[in-house]
Amino acid sequence: MAVELDVFVGNTTIMDEEVYQLWLDGYTVNDAVRVRMEGGVLEECEATADVLHSDTMDQYRTFQMCERLLHSPAKLANQLLFQIPPHRQAMLIERYYAFDDAFVREVLGKKLSKGTKKDLDDISSKTGVTLKSCRRQFDNFKRVFKVVEELKGPLVENIRQHFILSDKLARDYAAIVFFANNRFETGKRKLLYLTFQDFAFCAGQLINNWTVGAVDNMVEDMDVDLDKEFLQELKELKILITDKDLLDQHKRSLIFTLNITIIHTNLTLTATFLCLNLSRGLVNIAAKLTNTKDVRDFFIDLVEKFIEPCRSDRWTAADMRLFLTHYTNSAHILDTFKHQNVWDRYMGVVKSCIFKMYHD
C-alpha cells in the first residue's frame with residue numbers, strides 16, 4: 001500500500017515556545033502531550049496523538065541538546081549545529097534563566113551550596129514548582145554567582161554581558177547574587193510578607209550606595225561586598241543619641257518640624273515621643289553593622305525597630321514618609337554634627353528600603 005508524505009527540508013531549527021516552556025517547567029513528555037491536547041492542538045493542526053507525541057519528544061531532545069549551550073549563552077550565537085535566529089536565541093536564553101518568584105523567595109539569602117540543594121525536594125512541595133524546575137533555577141543562580149563574584153565592574157552589567165539577559169532579569173540576578181554573598185536573613189516569620197521584588201529593590205539600593213563600587217568602580221568584588229570602611233564610619237552616628245546636647249537639638253528640631261505639619265496628617269502629639277524611640281532604633285542599627293550577624297539581620301531589624309512600632313501606632317505610609325523626611329533633614333542643622341555625608345549615605349538607603357517594605 002502506497003503512503004504519501006509531504007516533506008519539507010530546511011535548516012532552521014523549529015522550536016515551539018509552548019513546548020519549550022513545558023520543558024522548562026519540568027513536565028515529562030507524556031504530561032506535555034496531555035497539556036497540548038487539552039489546549040486543542042490536535043484540532044488546530046489536524047494531527048493524531050501519535051504525531052503529537054513524536055513532535056513533543058523530538059523537541060524535548062532538541063532542548064536537551066541546546067541546554068549545554070544555554071549554560072554559556074554566548075556560545076549559542078557562535079555554534080553551527082542549530083540554526084536559530086537571533087530573536088529566538090534571545091527568547092531561549094531569557095526563558096531558561098527566568099525563575100519562579102515563589103521559588104527564589106525560599107532560597108533568597110541562603111548559601112548556594114549542596115546543603116541548600118538538598119532542601120529542594122521540600123521547597124518543590126511547598127511552592128508547587130516541579131523538582132526539575134527547582135534544580136534548573138538553583139543551578140542557574142549558582143552558575144551566575146560563580147561567574148561574576150570575582151569580576152571587576154558593575155554587577156548588573158557583568159551579568160547582562162556574560163549571560164545576555166535583559167536589564168530587568170540581570171538586575172534580579174544581581175539581587176540574588178548580592179543576597180547570597182552577604183547572607184541576609186529573609187526567611188524569618190516577620191519578613192514573610194515581603195516579596196522577592198521588595199528585596200530586589202532594596203538590594204539595588206544597597207549595591208548602588210553601600211558597596212565599595214559605589215565610590216570606586218575599579219575595585220574587585222565592587223558590587224558584591226559592602227564597603228567595610230563605610231560600615232566602620234557608621235559607628236560615628238551614635239553620637240546622635242549619646243551626646244546630650246546633640247540629642248536635645250535633634251529632638252527639638254524634629255518635634256518642632258513635626259508639630260508644624262502635624263495638622264495635615266494622622267500623627268498625634270504623643271506620636272512625637274515614639275519618634276525618639278524610632279531615632280534610637282535607626283542609629284543603633286547603623287552602629288552595629290560592623291558585625292556580620294547584624295548585617296545579616298538588617299531587614300529584620302528594620303521591621304522590629306521601625307516598621308512594627310509605626311504599625312502599632314497606626315501610622316500610615318504617608319505618616320512614616322513624613323517622619324523619615326523630617327528626621328533625615330533635621331540632622332543637617334546640627335552645628336556640631338560632623339558626619340553629614342555618612343548620615344545621608346546611610347539614611348538614603350534606609351528610607352528607600354523602609355518605603356518599599358512598609359505595606360499599609
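Colleague: Phe199 and Phe299, buried or exposed?
Modeller: Both phenylalanine 199 and phenylalanine 299 are buried. Bear in mind that this is a predicted model.

Colleague: How many aromatic pairs are there in the whole structure?
Modeller: A search of the whole structure gives 28 aromatic pairs. One of them is formed by phenylalanine 199 and phenylalanine 299, with an edge-to-face arrangement. Their centres are 5.3 Å apart and the planes are at 90 degrees.

Colleague: And where do phenylalanine 199 and phenylalanine 299 sit in the chain?
Modeller: Phenylalanine 199 is in helix α13, residues 196-210, and phenylalanine 299 is in helix α19, residues 298-312. They are 100 residues apart, and the pair links distant parts of the chain.

Colleague: Which residues form the aromatic cluster?
Modeller: Tyr20, Trp23, Phe63, Tyr96, Tyr97, Phe99, Phe103, Phe141, Phe163, Tyr173 and Phe196 form one cluster.

Colleague: Back up a bit. How many helices and strands does the protein have?
Modeller: There are 21 helices and 0 strands. The protein has 360 residues, and 46% of them count as buried. Among contacts with a separation of 6 or more, 69% are between residues 24 or more positions apart.

Colleague: How many residues are in the largest nonpolar core?
Modeller: That core has 112 residues. Those with the most contacts inside it are Trp210, Leu282, Phe298, Phe299, Phe306 and Tyr346.

Colleague: Which helix gives the most to this core?
Modeller: Helix α12, residues 167-182, which supplies 10 residues.

Colleague: What does Phe306 touch?
Modeller: Leaving out residues up to four places away in sequence, phenylalanine 306 touches Leu278, Leu282, Asp301, Met320, Phe323, Leu324 and Ile354.

Colleague: Changing topic to charges. Where is Lys351 found?
Modeller: Lysine 351 belongs to helix α21, residues 340-357. Lysine 351 is buried and has no salt bridge.

Colleague: What is the nearest side chain of opposite charge to it, Lys351?
Modeller: Aspartate 344, at 7.3 Å.

Colleague: Which ring does Arg321 lie over?
Modeller: Arginine 321 lies over the face of phenylalanine 355, 4.2 Å from the ring centre.

Colleague: And the charged end of Arg345, which ring is that over?
Modeller: The ring of phenylalanine 230. The charged end of arginine 345 is 4.1 Å from the centre of that ring.

Note on methods:
Residues are numbered from 1 along each chain as its sequence is written. This is a predicted model: local features need pLDDT of at least 70, side-chain atom pairs count only at pLDDT 80 or more; totals for chains, interfaces and linings use all residues. Side-chain values use heavy atoms; hydrogens and water are left out. A nonpolar core is a set of buried Ala, Val, Leu, Ile, Met, Phe, Trp, Tyr and Cys residues joined through side-chain atoms within 4.5 Å. Buried means under 20% relative accessible area, exposed over 50%, partly exposed in between (1.4 Å probe, protein chains only). Helices (H or I, at least four residues) and strands (E, at least two) are DSSP runs, numbered from the N terminus. Contact means heavy atoms within 4.5 Å. Lys and Arg count as positive and Asp and Glu as negative; His and the chain ends are not counted. A salt bridge is a side-chain nitrogen of Lys or Arg within 4 Å of a carboxyl oxygen of Asp or Glu. Rings of Phe, Tyr and Trp (its six-membered ring) pair if their centres lie within 6.5 Å; planes under 30 degrees apart count as stacked, over 60 as edge-to-face and the rest as tilted. A charge sits over a ring if NZ of Lys or CZ of Arg is within 6 Å of the ring centre and within 35 degrees of the ring normal.
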